[in-house]
Amino acid sequence: MKIIKVLFLFLFHIPWLLYSQEISLDRVEPPSWWTGFKHPELQLMVHGKNIGTTTVALNYPGLTVRKVHKVANPNYLFVDLTLAPSMRPGKASLRFSSGGKEVASYTYEFRPREKGSAQRPSFSSHDVIYLVTPDRFANGDKTNDNIPGMAESANRSNKDGRHGGDLKGLTDHLDYIQDLGATALWVNPLLENDQARYSYHGYSTTDYYRIDPRFGSNADYLKLSDEVHRRGMKLIMDMIFNHCGSGHWWMKDLPTPDWINQWPTFTRTNYRASTFTDPYASQSDSNLFVRGWFDSTMPDLNQANPFLSNYLIQNSIWWIEWAGLDGIRQDTHPYPFKEMMAAWGKRLLEEYPNFNIVGECWLNYPASVAYWQKDKCNKDGYNSWLPSVFDFPLYDALNMAFREKEAWNNGIIRLYDILAQDFNYPDPNHIVTFADNHDVNRYLDMQDYDVRHLKMAMAFLLTTRGIPQVYYGTEILLTQGADKEGDGNKRRDFPGGWPGDSRNAFTPEGRLPAEADMFNYLRTLMHWRDAHEVIHTGKTRHFIPADGVYVYFRYNEKETVMVVLNNNETEKSIPTARYNEFLKKFTSGTDVISGSVINDLSTLTVPGKGVLVVELK
Ligand code: CA
């Protein structure tokens, strides 16, 4: 009987023993790091079959394992390392052992930081940002349009499908972007999105350390960065912390049940970012906003989990250092746990004091948006550590300003009213202004295709305070087309970006006359702006719009610029005595757009739905 019992126990345990010895290592993230950061800690996420049952050892001068965390899932280990200030760059061997035997190893590389890395300059009001949806800009490599094994193939006839644009296409057209006058480039997300549908937009990350191979490789991203920097331009990476894609590798094997916010059935966020600042918000509304999913294919990450929080913070630092980034655009900024987002911003600014991050805080009132700008004195004591925000209230106003006929004082008062609320912002000159982007209807489509409105909007954005952002194709009058519906049409292909396109609007010969006119208008203003510090950092003074005419001045000790927006259908002759507090010092001016000289400032003539930008002399 005893023998049978022993035999039974032996036989019962053999499969388990064999199983328990099945240990593998399939990834360590971050995959590499640098010496010389202010913060000496690094936390590795190690994933592999039963890797959580192993012990970790290393032998490298100045590098120590501070703590090893085992979590609910035995396929993970979180390893806390400390880097001594004296630690030299090099390769450390991480050894994973079980029962006294080494079962896996990983060569971990610590590189030296590039000289001046911490003091890198970032994007600011000196810049004009050009926003590109990479799948829709230019297809420079047809061989990567379809990658075997990936869930979605290219199909240019599907407005919501992948069209094949890539990093090669974008890099090949940097001269075009530079010639237009943009100095910074924000590219919609490029990280792997191995999703069955809508993978082209990039907002469903499935690997935080890998460029989607249909856009190119990590090395191709580095090449883009190098080519951007060679032109003296800046690169802004689009990041998403709120959610990942349902096809993310960890969704099949979560480290902990609370890695994502889980619900019994799919539960969508209410998209009400105001619940954060609303003093009367119900707990259930606030909870749903933060923990609800952005979409059924976008699991909501739980940034309150400290391992995930570290993971995301280190991921940002890895990309900044690895690709030499000049800025970050953070998607759906208010949706994650705001304490973690503040910790993220603080850490980045401690490592890179001049770094700029712009958060998508999509709220409609200046007070609501201003809550999110770093150093805002908020009633609840919250400091976001987010240097910049998008000016959604000004975007709303700009949409209405030139087409609203019935409003008191001709709609243009909306622009004045929004700027009049700049007292809300800690730094109103450090927020990003725009007329449209990849998420909203194109400006021209919203204006009944009235190009005069588009010119007024662009002239306003390029002369008012803030950091202007221009959406790709604006310069050649790209529209959503007859079928306006759906996000895919907001992101139509740039004509000429694909081999075989009937014309190439990247070249002057390929532009229709109206497109050439808009391109030249924008190019003139953007290059002029680039050379005029008074627009970058000058003060602003504006006058209450009267008779549909809005006048403002940008000035510093050296220069004064006068801008006149005429929102009437007809030409206006404007007596200027009202503006004497600025004009009395000047006798003439130059019309920046036409280049002509104005010798009499007593009356200015502005065409209907037109703009005058005058450098005063
Ligand atoms: Ca391609």
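This is a predicted model: local features need pLDDT of at least 70, side-chain atom pairs count only at pLDDT 80 or more; totals for chains, interfaces and linings use all residues.
Helix H4 has 13 residues, and at 1.5 Å a residue these should span 18 Å.

**Helix H4 and its packing**

- H4 covers residues 218-230, and it packs with helix H6, which covers residues 306-323.
- Two packed helices are described by the angle between their axes and the distance between the axes.
- For H4 and H6 the angle is about 60° and the axes are 10 Å apart.
- That angle makes H4 oblique to H6.
- On the H4 side, the contact is made by Asn218, Ala219, Tyr221, Leu222, Ser225 and His229.
- On the H6 side, the contact is made by Trp318, Trp319, Trp322 and Ala323.
- Sorted by type, the residues of this contact are seven nonpolar, three polar and no charged.
- The buried residues of H4 are Asn218, Tyr221, Leu224, Ser225, Glu227 and Val228.
- These buried residues pack against H6, and also against helix H2 (167-172), helix H3 (174-180), strand S10 (184-187), strand S12 (207-211) and strand S13 (234-239).
- Just after H4 comes Gly232, with a positive phi of about 70°.

**The whole protein**

- The protein contains 15 helices and 26 strands.
- Its radius of gyration is 27 Å, close to the 25 Å given by the globule rule for 617 residues, so the protein is as compact as a globular protein of that length.
- Taken along the principal axes, the C-alpha atoms fill a box of roughly 110 × 55 × 50 Å.
- Of the 617 residues, 59% count as buried.
- Among contacts with a separation of 6 or more, 73% are between residues 24 or more positions apart.

**Helix H9**

- Helix H9 takes in residues 392-401, and eight of its 10 residues are buried, so H9 is largely enclosed by the rest of the structure.
- The buried residues of H9 are Phe392, Pro393, Leu394, Tyr395, Ala397, Leu398, Asn399 and Ala401.
- What covers them includes helix H8 (366-370), helix H10 (413-419), strand S17 (432-434), helix H11 (443-446) and helix H12 (451-461).

**Backbone exceptions**

- Most residues other than glycine have a negative phi, and most peptide bonds are trans.
- The peptide bond from Glu29 to Pro30 is cis, with omega near -5°.
- Pro30 sits in the loop between strand S1 (27-29) and strand S2 (32-35).
- Asn50 is a residue other than glycine with a positive phi, near 55°.
- The loop that holds Asn50 runs between strand S3 (41-47) and strand S4 (55-57).
- Asn50 has 8% relative accessibility and therefore counts as buried, the cut-off being under 20%.
- Tyr198, also a residue other than glycine, has a positive phi near 55°.
- Tyr198 belongs to the loop between strand S11 (191-192) and S12.
- With a relative accessible area of 34%, Tyr198 is partly exposed.

**Loop residues and their contacts**

- Gly140 lies in the loop between strand S9 (129-132) and H2.
- At 31% relative accessibility, Gly140 counts as partly exposed.
- Gly140 and Asp172 are 32 residues apart along the chain, and their C-alpha atoms are separated by 7.3 Å.
- Not counting residues up to four places away in sequence, Gly140 touches Asp166, Lys168 and Gly169.
- His173 is in the loop between H2 and H3.
- His173 counts as buried, at 18% relative accessibility.
- Apart from neighbours within four places in sequence, His173 is in contact with Phe137, Ala138 and Phe506.
- The relative accessible area of Asn242 is 1%, and Asn242 is buried.
- Asn242 and Met298 are 56 residues apart along the chain, with their C-alpha atoms separated by 8.9 Å.
- Residues up to four places away in sequence aside, Asn242 touches Phe294, Pro299, Asp300, Leu301, Gln303, Thr332, Tyr335 and Pro336.

Conventions. Residues are numbered from 1 along each chain as its sequence is written. Side-chain values use heavy atoms; hydrogens and water are left out. Axes are lines fitted to C-alpha atoms, for helices over the stretch in contact, and angles run from 0 to 180 degrees between N-to-C directions. Helices (H or I, at least four residues) and strands (E, at least two) are DSSP runs, numbered from the N terminus. Angles under 35 degrees count as roughly parallel, over 145 as roughly antiparallel, 65 to 115 as roughly perpendicular and the rest as oblique. Contact means heavy atoms within 4.5 Å. Ala, Val, Leu, Ile, Met, Phe, Trp, Tyr, Cys and Pro count as nonpolar, Asp, Glu, Lys and Arg as charged, and the others, Gly among them, as polar. The expected span of a helix is 1.5 Å times one less than its number of residues. Buried means under 20% relative accessible area, exposed over 50%, partly exposed in between (1.4 Å probe, protein chains only). The radius of gyration is taken over C-alpha atoms; the globule rule is 2.2 Å times the number of residues to the power 0.38.
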